[in-house]
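Here is a short briefing to read alongside the model.

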Amino acid sequence: MFETTIAGSLPRPDWLAEPERLKGGWKLEGEALKEGQRRACREWIQHQEEAGIDILTDGEVYRRHFVHSFLEGISGIDQNKKTVMGIRDNRYDLEVPTVTEAVSRPAPVFLEDFKYTRSLTDKALKITLPGPMTICDTIANDHYGSRPEMAMAFAELLNQEARELEAAGADVVQFDEPAFNVFMNDVNEWGIDTLNRAVAGLKCTKAVHICYGYGIDENNRWKETLGDEWRQYDEIFPALNKSHIDQVSLECASSHVPLSVMRHLSDKHLMVGCVAVTPDRVESPEEVAATIKEAMKYVDAERILPCTNCGMTPIPYDIALAKIKALGQGAALARNSLQA
Ligand code: ZN
């Protein structure tokens with residue numbers, strides 16, 4: 001009951017990468033970098049186990065960016081042909097590489113690192129991959145006739161990658177789709193189709209992470225424009241409930257999401273965001289338990305997985321550590337109060 005998990009990323013230690021940055025550069029190179037990433041992964045696996053997290057991740061400490069690190073392993077992309085693109089419906093501009101030919105995956109991208117992570121723990125392990133729609137909102141297109149066509153091509157590659165990760169022992173494969181909260185019509189028209197393509201044939205648990213973004217300034221300013229009730233999930237959850245995905249995440253801590261949107265996901269498990277990913281404060285275990293209790297008004301307890309709102313890459317290491325401890329303790333409180 002109340003199996004805990006995290007959205008995916010955790011801060012990279014300051015000896016490994018520039019801290020508190022989304023794409024902070026590595027401080028090591030070559031073999032030293034590889035060994036450093038493995039050490040950072042070992043430390044986060046241990047921290048998660050000690051915090052009572054049930055479904056662990058590698059903290060994405062092997063990656064510089066949740067989308068581009070995957071794309072660096074894909075052919076058909078000209079990494080030097082930079083295009084300035086308005087990301088997430090022009091929320092912020094980013095200089096991104098350009099797809100210039102049909103994409104292909106010459107070799108597994110995350111498999112080797114994943115096998116190492118798998119060797120570190122017997123607990124359930126989740127691997128995260130960028131979702132097809134979010135990839136297409138984070139790279140320029142100079143080849144495909146349309147965004148849905150490009151997304152389907154990426155979904156095919158993601159599916160190959162996911163099958164290999166599953167075979168290597170992934171218990172959960174999660175696709176990160178923050179773009180789902182921005183292009184709601186597209187989600188219904190083609191986004192869910194491409195997500196279903198990405199998970200086709202997988203027997204492990206299939207998850208999607210949909211959030212309102214990292215706690216960075218651009219996102220925080222955008223969130224201020226969304227009004228008192230954030231209703232984006234209302235528009236996409238009914239179709240997601242019919243998808244082949246098993247678990248759906250949603251941002252609940254310190255957000256303006258009315259938790260009644262959970263009613264749309266009656267056939268799914270819900271990763272309920274119980275800690276925010278802003279650096280200013282750490283939730284108490286009691287607050288985490290209160291969010292779980294609030295979710296229980298709409299979802300059976302068996303379908304609730306307490307989680308973080310989003311990835312924690314950009315926040316200080318110690319704050320993230322305190323937040324995952326609060327998450328574990330809050331879930332334990334909620335379990336105890338059910339048994340009482
Ligand atoms: Zn997120």
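The buried residues of helix 7 are Asp186, Val187, Gly191, Ile192, Thr194, Leu195, Ala198 and Val199; buried here means 20 or more other C-beta atoms within 10 Å of the residue's own, exposed means 12 or fewer, and partly exposed lies in between, with C-beta atoms placed from the backbone. Please keep in mind that this is a predicted model: local features need pLDDT of at least 70, side-chain atom pairs count only at pLDDT 80 or more, and totals for chains, interfaces and linings use all residues. Residues are numbered from 1 along each chain as its sequence is written. Helices (H or I, at least four residues) and strands (E, at least two) are DSSP runs, numbered from the N terminus.

**Helix 7 and its surroundings**

- Helix 7 covers residues 184-199 and bends by about 50° at Trp190, where the bend is the angle between axes fitted to the seven residues ending there and the seven starting there.
- Its buried residues pack against helix 5 (132-136), helix 6 (147-167), strand 6 (172-176), strand 7 (205-209) and helix 9 (232-240); a contact needs C-beta atoms, placed from the backbone, within 7 Å.
- Just after helix 7, Gly201 has a positive phi of about 80°.

**Helix 6 as a neighbour**

- The axes of helix 6 and helix 7 come within 7 Å and cross at roughly 25°; axes are lines fitted to C-alpha atoms, for helices over the stretch in contact, and angles run from 0 to 180 degrees between N-to-C directions.
- Helix 6 and helix 7 are therefore roughly parallel to each other, a label for angles under 35 degrees, while over 145 is roughly antiparallel, 65 to 115 roughly perpendicular and the rest oblique.
- On the helix 6 side, the contact involves Pro148, Ala151, Met152, Ala155, Glu156, Leu158, Asn159 and Ala162, and helix 7 contributes Trp190, Thr194, Arg197, Ala198 and Val199.
- Helix 6 also lies across strand 3 and strand 5, at about 70° to strand 3.

- An open sheet of 7 strands has the order 1-4-6-7-8-9-10, with parallel pairing; two strands pair if DSSP finds at least two bridges between them.
- Strand 1 and strand 10 (304-308) are the edge strands, each pairing on one side only.
- In strand 4 (residues 124-130), 6 of the 7 residues are buried, so this strand is largely enclosed by the rest of the structure.
- Strand 4 is joined to strand 1 (residues 55-56) by 2 bridges, with Leu125 as the partner of Leu56.
- Strand 4 also pairs with strand 6 over 5 bridges, and Leu129 has Phe175 as its bridge partner there.

- A second open sheet has 3 strands in the order 2-3-5, with mixed pairing.
- Strand 2 (75-86) and strand 5 (140-141) stand at the edges with a single partner strand each, so one side of each is left without a neighbour in the sheet.
- Strand 3 (residues 92-104) and strand 5 run parallel over 2 bridges, with Ala140 as the bridge partner of Thr98.

- Most residues other than glycine have a negative phi.
- Glu60 has a phi near 55° and sits in the loop between strand 1 and helix 2 (68-71); with 25 C-beta neighbours inside 10 Å, Glu60 counts as buried.
- Asn90 has a phi near 65° and belongs to helix 3 (residues 87-90); Asn90 is exposed, with 9 other C-beta atoms within 10 Å.

How values were computed: Contact = placed C-beta atoms within 7 Å.
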